[in-house]
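Dear colleague,

Please find below the structure that I am handing over to you.

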Amino acid sequence: MQNQISAPKQRLSLSDPKVRAWLFQIITVVAVVAMGWYLFDNTQTNLQHRGITSGFGFLENSAGFGIAQHLIPFTESDTYARVFLIGLLNTLLVTFIGVILATLLGFIVGVARLSNNWIINKLATVYVEVFRNIPPLLQILFWYFAVFLTLPGPRAAHGFLGSFFVSSRGLNMPAAIATDAAWPFVISVVLAIVAIVFMTRWANKRFEATGVPFHKFWAGLALFIVIPALCALIFGAPVHWELPELKGFNFVGGWVLIPELLALTLALTVYTAAFIAEIVRSGIKSVSHGQTEAARSLGLRPGPTLRKVIIPQALRVIIPPLTSQYLNLAKNSSLAAGIGYPEMVSLFAGTVLNQTGQAIEVIAITMSVYLAISISISLLMNWYNKRIALIER
Amino acid sequence: MTSHTFKPDMPPPSKVFGPVAWMRQNLFSSWINTLLTLFAIYLIWLVVPPLLSWAIFDANWVGTTRADCTKAGACWVFIEQRFGQFMYGYYPQELRWRVDLTVWLAIIGVAPLFIKAMPRKAIYGLSFLFIYPIVAYILLHGGVFDLVNVPTSQWGGLMLTLVIATVGIAGALPLGVILALGRRSEMPAIRVMCVTFIEFWRGVPLITVLFMSSVMLPLFLPEGMNFDKLLRALIGVILFQSAYVAEVVRGGMQAIPKGQYEAAAAMGLGYWRRMGLVILPQALKMVIPGLVNTVIALFKDTSLVIIIGLFDLLNSVKQAAADPKWLGMATEGYVFAALVFWIFCFGMSRYSMHLERKLDTGHKR
């Protein structure tokens, strides 16, 4: 005899958690969509009443204003699209310089905080505690209004080495003007890099086969210096230096870093370095002392112990928060709006928005740029994290 | 019978104990350390004496106008003269007692929470949390009970900074907890919406959010309806900060062992009770230090409202430094503002470290 057990009848009932989940989700989605539609509808009416035509057509219009610093050529008759590009490039420039300087300073201070030298240790602690507790915008304003703008004018500028001048107009420095020998020089540098790659591969192979070490670093350095130097000897100097000269009331020639850029990079560097220092410190401290002892007992000398045992393990802890600091630096570069350095926010979301009145489009473009930057950095980060993550067994 | 007397103890070897040994160990242990020590002393000598003489010994402390600043150092007269503006902005002089009262009420109201033996802390805390904002709003804004109305456009200085920071965190906390729950939810639609929301706000700088709330929010609202400038900024700050709070809370929820979730479910608790009675109390306690760090970040970020023209502490200083009567006082002004911000942020970070030690009840295994 067959014993039939029939499943209980499925009925739609609110006491079924699945049904409730569905219902709840549907209600939420409908509410969000309705809210979005309501806002969209309001915006449409408002735009109509104000006579603003939406769309990205305004990007083709001529801007009609000058920009203090542009990395690519720009005239007043250029379009808003080009203004956007200039703002983006300036943002990237500040971020790039800031990331490099902040990393250097942050690593130095972070290592100093671990130093067994009492005075160095305390100095680094004071640095970190002072600068990470002051708002970055305040630091930017301080450097700009209280330091760079109060410097003497160009005629009384502080000079260094006869070719660097600091004044209220910024930092004037020699410009590298490419000569005919520039291209051969670039090619020689590329050649040197290729040579180094091959040399490293060969050295690694030999090391794995025979165990004989090779001084990769010194050989690489020698290659990197000798090949371009030979090229410069044969073809002549790749660049010639154009020195800034005081003519009348300002400097002529050379490159100039405007005070806004100096204040912004300095403040962001100092601020971010304080955070990076803490990250570096905790990263190095996270490697247990047993690792050092184990490496030493295997016969590794202090140098290789640091390079091959401590640093790789510390980096695993350091890198993820480090990238989020880089991201913060990129986002904080938008604080330039406080001093009028022409980057994304102050140039595009400030000046262009005021001129065109295309609030929605301009803000949307600005936000998507930052979103794109942060998403790409976090994707890169996740990929790197996966690559170096401990493989646990 | 002769009694044996001990010889007196020898002094400790000076190579191991005492200031000389300490210096040998901590300052001059190797030639690199000696060099570093000398370099550090040189740095300190370069920075500290001029700074001290500027800020204290050569500074001008008394006077009423710029002409009274005759010495070479800092002109603190400027700060003394403009102190009211830095603290209260353009809040009417005769009504500033209301701001003071609000602050005192907050201090007196919060103080009992720090007394260990206090009974019914939770009930007291919650009722304070609900009653105080209403009282504070009535006191600051006025317009009822014979209190003269002070429009928010007159608010400013440190008071505005504190208002934005406290309202910001008070609004961001509940929203952040809800977002964190949503992100950990098993319903895909909810999860996707919460993740999008969080990642969007975390991906953009606060400055663009403030720009958005000041130029786009009026477009979103029905015709004729308009928000106060401060309220618009607050909405932006709350939305922005809630995403960060959500991530901190999520971190805490992930750190709770899975057994806790399973045990709560095995007890037959529904979702909300599972979260409200078992998971969140543990998770929130664990992330208190992280939340304090978020508050510090928010406090520093309040200075950005300068961009949309609100007169917080930093903007008050900037305006005062641009006053023709006090030209060239930018350094003093910014140093003062930096000091105020620093005291708040440093105090909070120390408090968060203290909490971290106090609340460490052994979840790290």
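Strands S3(A) and S8(A) are joined by three bridges and run antiparallel; strands here are DSSP runs of E of at least two residues, helices are runs of H or I of at least four residues, and both are numbered from the N terminus. Two strands count as paired if DSSP finds at least two bridges between them. Within this pair, Leu171(A) stands opposite Leu257(A) in S8(A).

Before going further, please note that this is a predicted model, in which local features need pLDDT of at least 70 and side-chain atom pairs count only at pLDDT 80 or more, while totals for chains, interfaces and linings use all residues. Residues are numbered from 1 along each chain as its sequence is written, and chains are lettered from A and ligands numbered from 1 in the order in which they are written.

The sheet of chain A

S3(A) and S8(A) belong to an open sheet of four strands, ordered S1-S2-S3-S8, with antiparallel pairing. Its edges are S1 (158-160) and S8 (255-257) of chain A, each of which pairs on one side only. On average, neighbouring strands of this sheet are turned by 20° against each other, direction ignored; such angles run from 0 to 180 degrees between N-to-C directions, and axes are lines fitted to C-alpha atoms, for helices over the stretch in contact.

S1(A) is joined by three bridges to S2 (residues 164-167) of chain A, and the two run antiparallel. Here Gly159(A) stands opposite Phe165(A) in S2(A). The hairpin of S1(A) and S2(A) has three residues between the strands, and in it Leu161(A) takes a positive phi near 55°.

S2(A) also pairs with S3 (residues 170-173) of chain A, in the antiparallel sense and over three bridges. These two strands form a hairpin with two residues between them. Ser167(A) stands opposite Gly170(A) in S3(A), and Val166(A) stands opposite Leu171(A) in S3(A).

Two helix pairs

In chain A, the axes of H10 (residues 344-356) and H11 (residues 359-388) come within 9 Å and cross at roughly 170°. Met344(A), Val345(A), Phe348(A), Ala349(A), Val352(A) and Leu353(A) of H10(A) meet Ala359(A), Val362(A), Ile363(A), Thr366(A) and Val369(A) of H11(A); residues are in contact if their C-beta atoms, placed from the backbone, lie within 7 Å. By class, this contact has ten nonpolar, one polar and no charged residues. Ala, Val, Leu, Ile, Met, Phe, Trp, Tyr, Cys and Pro count as nonpolar, Asp, Glu, Lys and Arg as charged, and the others, Gly among them, as polar.

In chain B, H11 (residues 258-266) and H12 (residues 271-286) pack at an angle of about 160°, with their axes 10 Å apart. That makes H11(B) roughly antiparallel to H12(B). Gln260(B), Tyr261(B), Ala264(B) and Ala265(B) in H11(B) meet Arg274(B), Val278(B), Ile279(B) and Gln282(B) in H12(B). The residues of this contact divide into five nonpolar, two polar and one charged.

The contact between the chains

Chain A gives 46 residues to the contact and chain B gives 45 residues. On the side of chain A that touches chain B, H1 (17-50), H3 (118-131), H4 (136-148), H10 and H11 of chain A each supply at least two residues. H1(A) provides the largest share of that side, 13 residues. The residues of that side divide into 30 nonpolar, 14 polar and two charged.

Annotated transmembrane regions

For chain A, an unreviewed UniProt entry lists transmembrane regions that include residues 335-353 and 359-384; UniProt positions are given in the numbering used here, feature names are shortened, and annotations may be inferred rather than shown by experiment. In the model, residues 335-353 of chain A are 53% helix and 0% strand, with end C-alpha atoms 17 Å apart. Residues 359-384 of chain A are 100% helix and 0% strand, and their end C-alpha atoms lie 38 Å apart.

For chain B, the regions listed in an unreviewed UniProt entry include residues 122-140 and 233-249. Residues 122-140 of chain B are 100% helix and 0% strand, with end C-alpha atoms 27 Å apart. Residues 233-249 of chain B are also 100% helix and 0% strand, and the end C-alpha atoms are 24 Å apart.

With kind regards

How values were computed
Parallel < 35°, antiparallel > 145°, perpendicular 65-115°, else oblique. Contact = placed C-beta atoms within 7 Å.
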